[in-house]
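Please keep the viewer open as you read.

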Amino acid sequence: MTGTQQPAAGDAPTRERVARSILENGPSTAADLAARLTLTPAAVRRHLDHLLDEGLVEARERRVYGTRGRGRPAKVFALTESGRDSFDQQYDDLAVAALRFLAETGGDEAVMEFARRRVAFIERDCARLLTERPELTPADALAQVLTSGGYAASIRELPVVGAQLCQQHCPVSHVAHEFPQLCEAETQAIGRVVGTHVQRLATIAHGDGVCTTCIPSSTTSTTIQKETM
């Protein structure tokens, strides 16, 4: 056999760990991945080369804020659309066809009502979690609930502005690309959890690498308003 040597089948679980680490933590350098996964840099680069060949990841130049130091900036590796699709997605052609039918027969409001019902778990589960763990902020509860729902979410504290909710994965991104009501209902649910208007800055459904939502500083420790069912 000519050409590059094909990786052993036993490498597949480790390659999946590398890809999942990028999914959950965002674009990462080889050094980041090696430290996170307790692998050697050489092993990480070997797996990254395979993922690059398969079109599951792509190399990008790391953004540098402020003065750039000497030398070439480290490359970061991010999942491609195909890479995201390789993970379990909670949608298929049937879901898209069903929403198209719903839009044709019931109009946009029917689609929006479906979207609201789909994300009802966010407020319900956040209320339960904050009752069980009152030391959490609503933003922290959101990150945990969304992660449990397959969104790989985390909170980044930002000076002055407040916090940013980052969702590295969206299990319905392809459907949401055609039906933005899914993103709209989710954003509204997030705002109700923290008790104020929040602003969506980017979404995976529209081609961004991560879904980001700005949560104003005055609300990061606001107590959730629990709804009575």
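Glutamate 58 is partly exposed, with a relative accessible area of 32%. Here buried stands for under 20% relative accessible area, exposed for over 50%, and partly exposed for the range in between, using a 1.4 Å probe and protein chains only. The side chain of glutamate 58 meets that of arginine 60 in a salt bridge, at 2.9 Å from N to O. Arginine 60 is partly exposed too, at 33%. A salt bridge is counted when a side-chain nitrogen of Lys or Arg lies within 4 Å of a carboxyl oxygen of Asp or Glu, and by this rule the count comes to 11.

A word on the ground rules: this is a predicted model, in which local features need pLDDT of at least 70 and side-chain atom pairs count only at pLDDT 80 or more, while totals for chains, interfaces and linings use all residues. Residues are numbered from 1 along each chain as its sequence is written, and side-chain values use heavy atoms, with hydrogens and water left out.

| Salt bridge | N to O distance |
|---|---|
| Arginine 60 and glutamate 58 | 2.9 Å |
| Aspartate 125 and arginine 124 | 3.1 Å |
| Aspartate 125 and arginine 128 | 3.3 Å |

Aspartate 125 is buried, with a relative accessible area of 16%, whereas arginine 128 is partly exposed at 43%. Because aspartate 125 and arginine 128 are 3 residues apart in helix 6 (residues 120–132), about one helical turn separates them. Salt bridges that share partners also join Glu109, Glu113, Arg116 and Arg117 into one network.

Helices and strands here are DSSP runs numbered from the N terminus: H or I with at least four residues for helices, E with at least two for strands. Which residues of helix 3 are buried? They are Ala43, Val44, His47, Leu48, His50 and Leu51. These cover an arc of only 160° around the axis, which puts them on the same side of helix 3; the arc is taken over the directions from the helix axis to the C-beta atoms. On the other side, Ala42 and Asp53 are exposed. The buried residues pack against helix 1 (12–25), helix 2 (30–37), strand 1 (57–61) and strand 2 (75–79), where contact means heavy atoms within 4.5 Å. Just after helix 3, glycine 55 takes a positive phi of about 75°.

Strand 6 (residues 211–216) is mostly covered, with 5 of its 6 residues buried. Strands pair if DSSP finds at least two bridges between them. Strand 4 (residues 162–167) runs antiparallel to strand 6, joined by 6 bridges, and glycine 162 stands opposite proline 216. Strand 5 (residues 199–202) pairs with strand 6 in the antiparallel sense over 3 bridges, with alanine 202 opposite threonine 212.

Finally, the cysteines. How many disulfides does a search of the whole structure find? The search finds 0, a disulfide being a pair of cysteine sulfur atoms within 2.5 Å. The sulfur of cysteine 183 has its closest cysteine sulfur in cysteine 170, 6.0 Å away, which is too far for a bond. Cysteine 183 is buried at 11% relative accessible area, and cysteine 126 is buried at 0%.
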